[in-house]
Structure formats: C-alpha cells, structure tokens
Number of protein chains: 2
Amino acid sequence: MLDQTKAGTLIERAIAEIRRLAAAAPGVRLPSIRRLAERQQVSKSTIVEAYDRLAAEGVVEARPGSGFFATARAKPFALSENTPKLDRAIDPLWIYRQALTPRAGVLHPGCGWLPDSWLPADIIRRGLRAVARDEGANLSAYSLPQGFWPLREHLARRLVERGLAVEPSSILLTDSGSRAIDLVCRFLLEPGDAVLVDDPCYFNFQAMLQAQRARIIGVPYTPHGPDLDRFASLCAEHRPRLYLTTAVLHNPTGATVSVGTAHRLLKLAEQHDLILVEDAIFTDFEARPSPGLAALDGFERVIHLGSFSKTLTAALRCGYVVARADWIEGLTDLALATGIGCSDIAAQTTFRLLTDGSYRRHLEALRPRLAKAMAATSDRLQRLGLTLWTEPEAGMFLWVELPEGLDSATLAMRALEQDVVLAPGNIFSVSQNASRFLRFNVAQSGDKRLFDVLGDILGSEASQPASADFTR
Amino acid sequence: MLDQTKAGTLIERAIAEIRRLAAAAPGVRLPSIRRLAERQQVSKSTIVEAYDRLAAEGVVEARPGSGFFATARAKPFALSENTPKLDRAIDPLWIYRQALTPRAGVLHPGCGWLPDSWLPADIIRRGLRAVARDEGANLSAYSLPQGFWPLREHLARRLVERGLAVEPSSILLTDSGSRAIDLVCRFLLEPGDAVLVDDPCYFNFQAMLQAQRARIIGVPYTPHGPDLDRFASLCAEHRPRLYLTTAVLHNPTGATVSVGTAHRLLKLAEQHDLILVEDAIFTDFEARPSPGLAALDGFERVIHLGSFSKTLTAALRCGYVVARADWIEGLTDLALATGIGCSDIAAQTTFRLLTDGSYRRHLEALRPRLAKAMAATSDRLQRLGLTLWTEPEAGMFLWVELPEGLDSATLAMRALEQDVVLAPGNIFSVSQNASRFLRFNVAQSGDKRLFDVLGDILGSEASQPASADFTR
C-alpha cells in the first residue's frame with residue numbers, strides 16, 4: 001500500500017515534470033527515459049509509466065526509434081519535422097545549411113549557386129561606393145511601397161526587350177527572389193490549396209509551400225517542360241490553384257520549356273483556371289533569353305519573378321515580381337504588412353550596376369566560362385559512366401543519371417565521408433523517384449578531387465547491391 | 001412600408017458588417033447572433049436574416065451547433081479588401097502608403113518614423129564606403145544561415161549589458177523588424193489561433209496577423225502595460241497562443257510596461273501557456289533602456305526582436321530575433337525557405353556603425369532633440385485643448401485625447417483637405433474604441449502650419465455635433 005502510494009507519487013512527480021517540459025518546448029523531443037530517470041532519481045519503469053499516461057492524454061507523442069516528443073497540437077511550425085529525420089547527406093535543409101556555412105577543404109558540387117570567385121565583388125564594391133557618393137541617394141528613408149522607381153523602370157525596359165509587356169507600375173521590388181515567390185504564394189494560396197510543381201524541382205519550393213500549408217503535387221518533368229498529359233490529368237484531379245516552375249534553365253535539370261509546351265500549358269491553365277508562377281532567376285545566364293511563359297500570355301495568368309542573387313551577388317538582396325496591376329496592389333499591401341518593402345540601398349546599387357554596363361559585361365564574361373565548365377564537367381561525369389538527362393543550353397546545372405543498380409543517396413553519404421557534399425536526386429523529387437539522379441553545379445565542380453572521390457565510390461559501389469531504402 | 005424599408009436598411013447594415021468580419025478572417029467563427037444583435041442594436045431576427053442571405057451567397061457557412069463561419073474562399077488574400085473601402089483619412093494602409101510616398105507640402109504628423117533629416121545619412125554613407133573598401137568584406141555570397149556572426153556577437157553583448165542572457169547562437173538576423181515579427185508569427189501560429197495584442201497597438205500587427213489568419217484579440221492598454229485583469233480573463237476565454245506587444249515605448253501611446261506589470265504578465269503567460277513576443281524597435285530611444293519582458297524571463301517564454309529602421313536608417317534593412325535555441329533553429333529553417341536569410345552587406349554595414357561609435361553618438365544627439373520636440377508638441381497640443389493620455393519618457397509618439405464630443409476620424413478627414421495626414425486613434429484600435437484619440441509623431445510636428453490647421457478645425461468642430469459613425 002505504502003509502496004503503491006509512493007510509486008504513485010513518483011509517477012505523479014514525473015508526469016508533472018514531463019508536462020512542464022512538454023509545455024515549454026512544444027514540438028520538441030523530450031529527454032530520454034534513461035536521462036529523465038537519472039534526473040528524477042526514479043526507476044526507468046516509473047518514467048515509462050509517466051510517458052505512457054501522457055501519451056494517452058495526447059500531451060506527448062511516441063515516435064518509434066526517436067523517443068517522445070511534446071505533442072504537435074501546440075507545436076510551432078517546423079519545416080524539418082514535416083519529413084522524417086533524414087540522414088545528413090540526403091536532408092535538403094542540412095545540405096543547404098552546409099553550403100551556406102563553407103568550411104575549408106569541403107567541396108560543394110551539389111550547391112545551388114556560383115562560387116564567390118565567379119561573382120564580381122569589384123563591381124559591387126564600385127556600386128556601393130557610387131551610391132555612397134551620390135548626394136541624391138536615399139540613405140535613410142523607407143523605399144516607395146513598390147520599391148525604387150528607376151530600377152522598376154529599367155527592369156520594365158529589359159523585360160519589354162524580351163517580349164514581355166511590362167509597365168514599371170506592375171513591378172514590385174522585393175528583398176530576394178525567394179521572398180518574391182513566398183509573397184506570391186501567401187497572396188494566392190489558402191491553407192490546403194493544391195499546387196503543382198515540377199518533379200523534380202528546386203527543393204526550396206517544397207519547403208516554401210509547406211510553410212504555406214499547401215498540398216504539393218508533382219508533375220513529371222521532361223526535357224521540354226512538364227509532361228502535358230499528366231499536367232492535364234492532375235489539374236482535373238486536384239484542381240490546383242497554381243503551378244510554380246523555373247521555366248527557363250530549370251532547377252535541377254537545366255532544361256528549358258519549349259515554346260510549344262508553353263503554349264499548351266497556358267491553354268491548360270485557362271481551361272483549369274490555374275495561375276502560372278514563373279521563377280526567372282536563371283534567365284540571365286542565357287545570351288538570347290528563351291521566352292518562358294510570360295511572353296506568351298501577357299500577364300493574364302502568369303506571374304513572373306526573378307532576382308540577381310544567382311547572377312550578380314547574393315550579399316545585396318534584390319528581387320522583383322511582375323504581375324497584373326490588381327495583384328501587384330494586393331502583393332504590395334502584403335509586402336508592406338510583412339516587411340515594409342525592400343531595401344532601397346540594395347535597389348539603388350543594383351540599378352547602378354544594371355545601367356552602367358557592369359552587369360552586362362560581367363554576364364558576357366560569365367556565360368562562356370560557364371559553358372566551358374559545363375563541357376568539362378559533363379565530359380568527366382560521362383567518363384565515369386554517368387549519363388546526361390539533357391544537355392542544358394546554358395546555366396550551371398547538370399542532371400545526371402547513375403548506372404543501373406546504383407543509388408545517389410548512398411553515393412552522397414559515402415562522398416560526405418570524404419568532404420564532398422553532393423545533391424542526390426530525391427532531395428528535388430516530390431515522388432521520390434529520382435534515386436538514380438544527381439544534380440551537379442558545373443561552376444563548383446572544377447576540383448579534380450571531386451572526380452577522384454566519385455570514381456573511387458563508383459568503382460566500389462558497382463560491385464555491391466544497391467541500397468533499397470535510403471531513408472533508413 | 002416605411003418600417004419595412006427601415007428593417008431592410010438594418011439588414012443591409014448587418015450584412016455589411018458580417019461581410020467585413022468574414023473577409024477579415026476566412027475560416028474563422030463569426031460572432032453569435034445574440035452578440036451581433038447587441039452590438040448592432042438590432043433584433044436577433046435581423047441578424048438571422050443577414051446571416052441567411054450571406055450563407056446563400058456562400059460568404060458564410062452555417063455549422064449546426066457551432067454557429068456561422070467565414071467561408072474560406074480561394075480568392076487572393078487582400079489586406080485592403082478585408083475592410084470596406086474606408087475614407088482615405090481613416091484607412092491605415094492608405095495613410096501608410098501616403099507616408100511612404102512623400103509629396104512636397106504635405107505634413108505627416110501621423111507618420112510612424114523620423115523625418116529623413118533626423119536620420120544620419122552621412123553615417124550610412126561612411127559605413128557603405130568602409131564596407132566597399134574592406135578587402136575582407138563579403139560582397140557576393142549569401143550570409144550564414146543565421147546571419148553575419150560579428151553582428152550577432154555584438155548584438156548579444158549589447159543585450160547582455162541590458163540584463164538579457166543572450167548568446168550569438170540564439171540570434172537570427174532578418175531583413176527588418178517587420179520580417180522578424182512575421183517570421184515568428186508564421187513559425188508559432190496555426191490559422192485560427194488566437195493572438196492577444198494591445199488595444200490600441202501598432203496597426204501593422206493587425207495586418208500581419210490577418211495575413212497569418214490569426215484571430216486577433218485586443219487587450220486594453222494602460223499607461224503601465226496591458227490591463228492584467230482583462231489579460232487574464234481573455235487568456236481563459238480565448239486560450240491565445242501568443243501576445244504580441246511593443247513593451248518599451250509602446251506604439252501608439254509611448255507608454256512603457258512597468259516592471260511589476262511585466263512580472264505579472266510573465267506569471268500569467270506561464271499559467272496559460274502563452275508566448276510573449278516583444279518588439280523592441282524603439283528601445284534605443286531610451287538613454288537607460290527599460291527592462292521590458294525578456295530581461296525578466298530569460299527567453300523561456302519571451303521572444304525579443306528589433307531592428308535599426310527607426311533609429312538609424314530604413315533604407316538599409318537589418319533586424320533580429322532572439323529566442324530559445326530550439327525555436328531559433330526552426331525560425332532559421334523558415335527564414336531560409338522563405339527568403340534565404342538576410343542581406344550580408346546590410347549586416348556588415350550595420351555592424352560597422354554599431355561598433356565604431358557612430359550609432360551611439362547619433363543616439364546621444366537624437367534623444368535630447370526628441371525630448372525637446374516632445375515638450376514643444378505636447379505644449380502646443382495641450383494649448384489647443386487636447387489631453388495627454390500619458391507622458392512618454394522618450395521616443396517620438398504622443399497619444400492625445402480630443403475634448404468630449406469630438407471625433408478624430410472627422411478631424412483627420414478635414415485635416416487631409418488641408419494636406420495634413422493625421423493618425424486617428426481607431427486605426428490602432430482592435431475594438432474601435434479610440435475615436436477620440438490621435439497619435440502624433442513629435443519629430444514630424446515641427447511645422448507651425450499643423451497647429452494652425454488643427455486650431456481652425458477644432459474651433460469649428462467644437463460648435464458642431466460629433467459624428468457618431470465615422471466609418472460611414
């Protein structure tokens with residue numbers, strides 16, 4: 001009796017403690033049974049009992065193999081918890097953070113941007129100095145609601161030259177291309193709305209859409225754009241609100257939508273009352289820009305957006321959205337409410353570099369350099385037995401296929417052990433059917449060590465059975 | 001016949017009100033028939049009729065046993081459509097856009113920031129030059145996931161000096177204070193979650209929370225902080241997820257939470273499992289910073305955030321969030337997914353100005369200048385018959401009350417005709433009970449014409465009956 005009472009009290013005390021921890025850290029993993037038993041100086045069975053009761057109450061949640069977590073109910077929204085805990089080499093967020101936190105000696109052929117040394121720091125330096133020197137520059141006030149007018153005027157002119165019918169008033173400047181996509185998604189989507197993305201696609205599209213609580217539907221991608229039959233049937237089945245794509249120099253494949261596919265896409269969009277969101281972030285890598293989607297449609301159903309983070313600098317953020325006037329008004333209100341517009345100093349600096357010829361000259365030097373790296377990398381990869389899915393016309397990405405029986409996640413894990421961070425196909429794939437693919441950034445693949453490491457692993461892997469379940 | 005017409009008008013009015021509420025909170029439960037009848041001072045059958053018509057239109061949805069809910073429609077989210085088209089002088093977004101689009105000859109005493117001439121453009125100029133000159137500066141790469149380390153280290157040191165226990169690793173840099181608040185709200189809130197805000201509060205809090213589809217609950221504000229009895233009962237009634245406040249130099253009132261109130265707030269937060277989000281954007285206006293909320297709690301339940309947009313420059317955006325390590329990790333993932341971090345050039349420039357003494361010297365000159373403007377403005381307003389709600393210890397805001405019988409929205413409309421953009425109380429008020437108040441920015445109130453215009457209107461208004469319904 002006494003023992004029972006005492007045990008009861010100990011359990012109650014453990015319950016109170018776990019309750020406190022769970023309340024303080026919703027969504028977070030709670031201490032292990034062993035650790036809590038030690039801390040409370042009780043037996044492990046007492047803690048097990050306490051956890052069980054709280055699990056029954058719904059205060060905590062048992063996740064086999066991972067322990068107990070404070071329940072989802074009151075938990076903060078966590079992108080990384082929406083997917084099972086992945087091995088580092090196949091967790092997009094981990095790879096992303098690694099690439100953003102460079103360490104000496106680590107190679108990043110899976111990274112999504114150009115190396116520092118390929119970007120024109122001197123030009124940025126000159127731009128900042130010029131803005132600092134300019135007596136008329138705005139160095140203290142907020143920008144206009146839609147952003148620095150001269151830059152919008154210039155962007156409109158550039159887009160008109162590409163065949164897009166754009167007025168400066170239908171452009172909203174943002175702090176980055178990602179921020180532009182995010183604004184558009186928040187503006188157009190209700191939680192639970194279906195959104196079509198390419199399969200494979202830029203992995204951050206998935207994270208962004210998760211943040212907006214959208215239902216993500218993948219449409220198979222071909223070297224000419226999305227598979228139109230599947231696109232049509234997915235529209236009928238899911239009634240998506242929008243389709244989000246990198247139409248020109250697609251990420252991760254490097255493909256570009258053909259004019260014919262674009263035309264039929266727009267017809268499908270009209271038929272299914274769908275909005276097309278076109279991320280044009282890589283278009284400037286092309287010497288003769290492909291039309292993409294907006295040029296065909298004149299902004300009836302297409303939203304066009306971009307930035308200079310990939311082609312000029314990622315340290316000075318400046319992006320933009322082009323859309324119908326009524327949408328731009330709503331997007332501007334949302335941008336004001338959630339960030340009070342964009343940096344006017346970034347916009348003024350970008351304007352200078354776009355108008356004084358610096359950006360044009362930089363691109364003219366960059367394109368052949370990328371083409372050369374593309375040829376060299378594709379050659380080296382093919383000699384290792386990898387196959388090109390398509391031959392991109394420009395840009396930095398190569399989407400390559402491993403020989404049958406090999407798995408890119410396994411490869412990525414083994415490469416990581418040798419300080420090479422790869423981008424295995426499934427981090428881009430909604431359906432997870434890209435396990436034989438890898439994305440290479442040709443500008444980040446200049447180091448011979450990369451191919452030595454790949455060669456070693458491929459040599460040894462070829463003789464081993466492939467791993468069936470890479471998420472283990 | 002006449003009665004029928006009158007009933008029709010009452011129904012129309014009820015429909016307009018429900019439409020407004022439904023647009024503001026899609027998916028959320030609308031007020032009960034009884035409550036709305038009381039509020040509109042009409043019979044319950046009028047409200048039933050109004051709800052029925054709107055249900056037929058699909059604007060609301062009846063859920064048996066639960067009442068009426070705003071239909072979650074698939075239309076673009078438009079902040080400006082959440083309220084009926086307001087007269088310009090009382091539409092917060094219109095006032096905001098006006099202040100952001102300055103025109104010669106228009107006075108903006110209702111504006112929420114310092115005039116350009118009060119901000120140190122020369123210092124920014126020097127900072128930009130120094131970064132451009134620095135061979136070690138990052139001018140092309142993305143920032144680290146949490147932002148430029150030396151700035152986080154410096155911010156941590158500053159905060160430690162104010163009694164906050166902060167590590168650089170628990171700071172996330174953002175592109176602005178608004179972006180910081182928005183990130184925190186997106187991270188912590190599910191659509192439909194209740195959020196407490198001060199009544200009155202910074203009007204953008206409401207727009208931001210609407211964007212997150214939160215239920216906004218106002219808690220009456222006193223000169224020492226929120227009314228604690230009401231705070232407690234609202235916690236019990238609505239089970240809010242968080243409380244969002246400008247604890248030090250509150251916007252719009254200029255009041256600062258007392259230590260006693262802060263202590264009791266934290267106890268209530270613990271009791272009701274509530275997170276407190278403290279926007280510290282004005283703290284640097286104080287020579288001896290008030291403790292606010294985070295200093296008492298050590299980041300158990302408080303999230304602290306701020307920026308330099310109000311005190312240094314709004315053209316170079318740099319804000320920050322301080323929170324528990326596990327939340328910072330989730331916030332960082334969300335920041336990467338929705339904007340790939342912040343501008344590293346902005347962070348490096350801010351770091352220089354914070355560490356080379358420029359910012360300190362600027363603040364030392366700014367504070368007495370603000371104090372002088374505060375004294376002059378409060379004197380002039382009182383001579384016009386207006387009453388100070390409290391005497392702020394620092395900062396730029398004065399919250400003043402009109403004589404009985406006068407309405408600040410009417411006053412604002414008349415002032416607008418004479419190119420004076422005021423900030424009438426109800427743009428800040430969730431309950432719309434601040435119709436006799438105005439917010440003045442003392443740094444924007446130096447022009448004698450302002451007081452001449454006010455004097456003229458007050459002189460003529462005093463002899464007229466007040467407008468009862470300013471939203472007409």
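**Note on helix packing, the chain interface and salt bridges**

1. Helix α2 (residues 33-40) of chain A packs against helix α3 (residues 44-57) of chain A at an angle of about 115°, and their axes lie 8 Å apart. Axes here are lines fitted to C-alpha atoms, for helices over the stretch in contact, with angles running from 0 to 180 degrees between N-to-C directions, while helices (H or I, at least four residues) are DSSP runs numbered from the N terminus. α2(A) and α3(A) are therefore roughly perpendicular to each other, a label for angles of 65 to 115 degrees, where under 35 is roughly parallel, over 145 roughly antiparallel and the rest oblique.

2. On the α2(A) side the contact is made by A:Ile33, A:Arg34, A:Leu36 and A:Ala37, and on the α3(A) side by A:Lys44, A:Ile47, A:Val48 and A:Tyr51, contact meaning heavy atoms within 4.5 Å.

3. This is a predicted model, in which local features need pLDDT of at least 70 and side-chain atom pairs count only at pLDDT 80 or more, whereas totals for chains, interfaces and linings use all residues. Residues are numbered from 1 along each chain as its sequence is written, chains are lettered from A and ligands numbered from 1 in the order in which they are written, and side-chain values use heavy atoms, with hydrogens and water left out.

4. In chain B, helix α15 (residues 408-417) and helix α16 (residues 448-461) pack at an angle of about 130°, with 10 Å between their axes. That angle makes α15(B) oblique to α16(B). Among the residues that meet are B:Leu411 and B:Arg414 of α15(B), and B:Leu454 and B:Ile457 of α16(B).

5. Between the chains, 79 residues of chain B are in contact with 79 residues of chain A. The area buried between them is about 7,000 Å², of which 54% comes from carbon and sulfur atoms; buried area is the accessible area (1.4 Å probe) that two parts lose on being put together, summed over both. B:Arg97, B:Ser140 and B:Tyr142 supply 11% of the area that chain B buries against chain A, more than any other three residues.

6. Five salt bridges are counted between chain B and chain A, each being a side-chain nitrogen of Lys or Arg within 4 Å of a carboxyl oxygen of Asp or Glu. A:Arg213 and B:Glu190 meet in a salt bridge at 3.4 Å, N to O.

7. Over all chains the structure holds 33 salt bridges, and A:Asp134 with A:Arg352 forms a salt bridge at 3.2 Å, N to O. A:Asp134 lies in the loop between α5 (121-133) and α6 (149-161) of chain A and A:Arg352 in helix α13 (residues 344-355) of chain A, so this pair ties together parts that are 218 residues apart in sequence.

Notes
Helix = DSSP H or I, 4+ residues; strand = E, 2+ residues; numbered from the N terminus.
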